[in-house]
Each structure stands twice: as C-alpha cells, then as structure tokens.
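These are my notebook entries on one protein chain. I set down what I looked up, in the order in which I looked.

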Amino acid sequence: MKYGAERVSNINLSQVRKMFEQASPTAINLALGEPDFDTPPHILKSLKEAIDNKYTHYSQNKGEPELREELSKKLAKDNNIKVSSDDVIVTVGASEALYSSIQALINPGDDVLIQDPAFLSYAECVKIAGANSVPVLTNSENKFKITIDDVEKSLTDKTKAIIINSPCNPTGSVIEKEDLKAISDLATDKDLIIFSDEVYEKIIYDKKHYSFQTYTDNAVTINAFSKSYAMTGLRIGYCSSNPDIIAEILKVHQYNVACIDTATQRAAITALTGPQECVTEMTNEFRKRRDLVVESLNNMGLKCINPEGAFYVFFENENPQEFVNKAVKEDVILVPGGAFGTAGKNYIRLSYAQSYDNLAEAMKRLEKIV
C-alpha cells in the first residue's frame, strides 16, 4: 500500500537538516542557520514570568492583541509599513507564515517565481500547493542580487506571485532599493503577490533594509524573532499584509495551528519593547565572523562574495559535493549550493553562526583539503 498523498510524493526533505543530522559530536557544524547566542536574559526572564503567571491558555487566533499592537508599531517604525494590529498574524515561526500564506493565496497550476539561489523550503511549499516554481536566476557578477530585469525575464502567463528573501539565505545578498521599488510597481500593475521573507532584516552590514509592503499593497511581509533575538527554538514569527489578504491567510492559520503558545508571545512583547543592544551586539559579532571567514576563504583561493547581510558565505567550487564530503572527514559540516537552486550548483554554503573560535578552527581544517 502506498501511504503518501500524491501532493507530497515529490517533496524533498531538507538537505540542510540532513547535513545537520550527519554531524558527529566533534564536528564544527557550519550547515545550520542558527545563531549560537543564547536568548537574551531579559527575554528569558519574561518567558519564565509568563509561565508563573499562568499564560498557558489559548490566545486569539491572530495572536495576543498586545503583541500584535507592538508589531504594528514595529512595522511602522522599522519598515515604514502602516498596518493596524488586525492586519498582523502571529505564527509558528516564519516557516508557518510562509506556508499558510502560500496555501491561502496560490492555486494549483499557478506559477510562482522564486529568487534563485534561495532558501530550499520555498519551492517545496509551492509544490505542496500544487503550483509550479519558476526560478528567477541571479548571478555572481551582480553579487546574486535580484533585479527588476531578472523578474521581468522570468514572468509567464500564469505567474501569480514571487518569493523574495533579502538579506538572502544562502548568498547574503541585499536587494537594491531601486529594484525593490520597481518590483513593487510591477506587482501592483500585474496584480502579483510578493511573499517577502525578511527574517534577516536586522542582520545587515553597511546597507539599509527596505520592505516591499512600503510600496505595494500586494505584499505579504514575513518575519520572525528567531534570528534577530536568538529565539529559534521558541518558534514565533508573524506576517502582515492588507486586510483582504490577511483574512485569507487566517483561514489556513486557524485550522493549521489555531494559535501559538501565549507564554512565548509575552516574551516576544519583551523582545520588541525591551533594550535592543542585544541585537546590535549580535550583528556586530556576526560582522567580525564574516570578515574572518571571507578573508580566510579568499586566502585559500576559494572565491566568495562579501555578504551584505544574514550570516552565510556562498563560495565557489567546481566539485561542491566532493568538497563537502572531504570537509565532513575533517569534521566540518557544509551544504552544497545546489540545494538552494540551479544558480548555486557550483557553490557551497557556509553558515558563520558559530563562535569566532570555532570558525577559526574550521578554517584551519578546510585549509587541509584545499
């Protein structure tokens, strides 16, 4: 008997998780995109107090009203996005926000443009919806930044939406403001939806982050507390959009997860309203780690582009799988770039979310196989 539903028969499990699970206890894992920092103490204290105060019951489906109000203020202040608290849904991380949004807004047979290379779950979420993913190829000559020309070349008669991630996993690229505005105008003119994954918005170097929803009502802003506040295991994210779109996403969210736990929502309120020095300190440390890794790889002759955001380096290699296999033998875990799309087939992703000392040791180990 075949147990799998047809719509999931061709779904691929994450290669990032596969590499993560292969790691030996002594390996330096540069495969997983998880900050090595502990969740800041004031956020943990808030979480403990929430449990002690019995915040263990259901919240509203969209999330705690106080948290959604703070998210509305945050979007206005940081992103120049004017939405009410009713236009925000608190989700189980950015992953659920993305999944629920795609399921709510995309029909079987639709074409969804996906920045390439890009986070590997995008194409699989589109596939589960019965739609077709169409790669928007970026290139190293342009530092893998997606442009309006790239998008226009990829449009089809069935294009319904586009998924863009800036700063980008796996390349660290940051879209230019001019292209962001032009793509926003295109979405408005052609009635396309932009799924904008902005989970790395705070981890950005020498650039400014801009949001599509500032310039078009056809955008769904997807974000989370995971990366900026080192809250990955607490699984809390959110999405915002115009009221009509949010009403559709809520239907999927409601019957998928109902709501996320209320204690974590209290901690998220503290993250937004408390001191932000922790975010600055983490970003500054990521910058130091980036500089170490980029310089080390370039000195080894492994060509890579200096990332403008996130915490990944995408470096060039003619035989990525062979290099990754050799790295495993040296107790360093990496991910072949082909996992992230066609444009990444001659690249390898390295996450510098590990400590500075671990990264320095990993560079010594990689030097042996170069």
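**Entry 1: Asn-223**

In which strand is Asn-223 found? I located Asn-223 in strand 7, which covers residues 219-224. I noted at the outset that I am reading a predicted model.

I then listed its contacts, leaving aside neighbours within four places in sequence. Asn-223 touches Lys-74, Ala-94, Glu-198, Val-199, Glu-201, Gly-237 and Tyr-238. I also looked up Asn-242, which is 19 residues from Asn-223 along the chain. The C-alpha atoms of Asn-223 and Asn-242 are separated by 16 Å.

**Entry 2: Glu-69**

I turned to Glu-69, which lies in helix 3, residues 65-79. Its relative accessible area is 36%. Buried means under 20% and exposed means over 50%, so I recorded Glu-69 as partly exposed. Ser-85 is 16 residues from Glu-69 along the chain, and the two C-alpha atoms are separated by 4.9 Å.

**Entry 3: the whole chain**

How many helices and strands does the protein have? I recorded twelve helices and twelve strands. The C-alpha atoms fill a box of roughly 55 × 55 × 55 Å along the principal axes. For 370 residues, a compact globule would have a radius of gyration near 21 Å. The protein has 20 Å, which agrees. Buried residues make up 56% of the 370 residues. Among contacts with a separation of 6 or more, 75% are between residues 24 or more positions apart.

**Entry 4: helix 10 and helix 12**

I examined how helix 10 (residues 277-299) packs with helix 12 (residues 356-369). Their axes are 10 Å apart, at an angle of about 10 degrees. Angles under 35 degrees count as roughly parallel, so helix 10 is roughly parallel to helix 12. Residues of helix 10 in this contact include Glu-285, Lys-288 and Arg-289. On the side of helix 12 they include Tyr-356, Leu-359 and Met-363. By class, I recorded eight nonpolar, one polar and three charged residues in the contact of helix 10 with helix 12.

**Entry 5: helix 4 and helix 8**

At what angle do the axes of helix 4 and helix 8 cross? Helix 4 (residues 93-105) and helix 8 (residues 243-256) cross at roughly 115 degrees, and their axes come within 8 Å. The crossing is right-handed. From helix 4 I noted Glu-96, Tyr-99 and Gln-103 among the residues that meet helix 8. From helix 8 I noted Ile-245, Glu-248 and His-253 among the residues that meet helix 4. The contact of helix 4 with helix 8 has six nonpolar, five polar and two charged residues.

**Entry 6: backbone details**

I looked up two cis peptide bonds. One joins Asp-116 and Pro-117, with omega of about 5 degrees. Pro-117 sits in the loop between strand 3 and helix 5. Another joins Ser-166 and Pro-167, with omega of about -10 degrees. Pro-167 lies in the loop between strand 5 and helix 7.

I then turned to phi values. Ala-230 has a positive phi near 50 degrees, although it is not a glycine. Ala-230 belongs to the loop between strand 7 and strand 8, and at 7% relative accessibility it counts as buried. Asp-331 has a positive phi of about 65 degrees and is likewise not a glycine. Asp-331 lies in the loop between helix 11 and strand 10.

Notes:
Residues are numbered from 1 along each chain as its sequence is written. This is a predicted model: local features need pLDDT of at least 70, side-chain atom pairs count only at pLDDT 80 or more; totals for chains, interfaces and linings use all residues. Side-chain values use heavy atoms; hydrogens and water are left out. Axes are lines fitted to C-alpha atoms, for helices over the stretch in contact, and angles run from 0 to 180 degrees between N-to-C directions. Helices (H or I, at least four residues) and strands (E, at least two) are DSSP runs, numbered from the N terminus. Angles under 35 degrees count as roughly parallel, over 145 as roughly antiparallel, 65 to 115 as roughly perpendicular and the rest as oblique. Contact means heavy atoms within 4.5 Å. Ala, Val, Leu, Ile, Met, Phe, Trp, Tyr, Cys and Pro count as nonpolar, Asp, Glu, Lys and Arg as charged, and the others, Gly among them, as polar. A crossing is left-handed if the near helix is turned anticlockwise from the far one by less than a right angle, and right-handed if clockwise. The radius of gyration is taken over C-alpha atoms; the globule rule is 2.2 Å times the number of residues to the power 0.38. Buried means under 20% relative accessible area, exposed over 50%, partly exposed in between (1.4 Å probe, protein chains only).
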